[in-house]
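These are my notebook entries on one structure, written down in the order in which I looked things up.

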Amino acid sequence: MDYRPNGFRMYTPDGTEYSPVDMVNHNKKAFRGGFIYTPGEKSEIDLVFLVPEKEKTLVLYASSNAMPKVYTVKIEVT
């Protein structure tokens, strides 16, 4: 099963799209080749996005064939 968090996108309220600039997988055994999930393994993935400092509200859309639905996360920066 493919799981590609580096394909997740972040958006600002005006619709500007940002892609991850880096991805850190905290369990290398969980994903062969960086995106093929190994059943039974668990991992935490850190995604790094570069967005303008002035942006205080962002929305992350997480979707993958490995996920049953699209997850939407609103991020408020204070």
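Which residue is the bridge partner of Y61 in strand 8? I looked it up and found T72. The model is predicted, so I noted that local features need pLDDT of at least 70 and side-chain atom pairs count only at pLDDT 80 or more, while totals for chains, interfaces and linings use all residues. Residues are numbered from 1 along each chain as its sequence is written, and side-chain values use heavy atoms, with hydrogens and water left out.

Entry on the sheet. I found that strand 7 and strand 8 run antiparallel and are joined by six bridges; strands (E, at least two residues) are DSSP runs numbered from the N terminus, and two of them pair if DSSP finds at least two bridges between them. They belong to an open sheet of four strands in the order 2-1-7-8, in which strand 2 (17–18) and strand 8 (71–76) are the edge strands, each pairing on one side only.

Entry on the core. I listed F8, M10, Y18, F49, L58, L60, A62 and M67 as the largest nonpolar core, meaning buried Ala, Val, Leu, Ile, Met, Phe, Trp, Tyr and Cys residues joined through side-chain atoms within 4.5 Å. Strand 7 (residues 57–62) gives the largest share of this core, three residues.

Entry on charges. I noted that E55 and K54 form a salt bridge at 2.9 Å, N to O (a side-chain nitrogen of Lys or Arg within 4 Å of a carboxyl oxygen of Asp or Glu). E55 is buried at 13% relative accessible area, whereas K54 is exposed at 63% (buried is under 20%, exposed over 50%, partly exposed in between, with a 1.4 Å probe and protein chains only).
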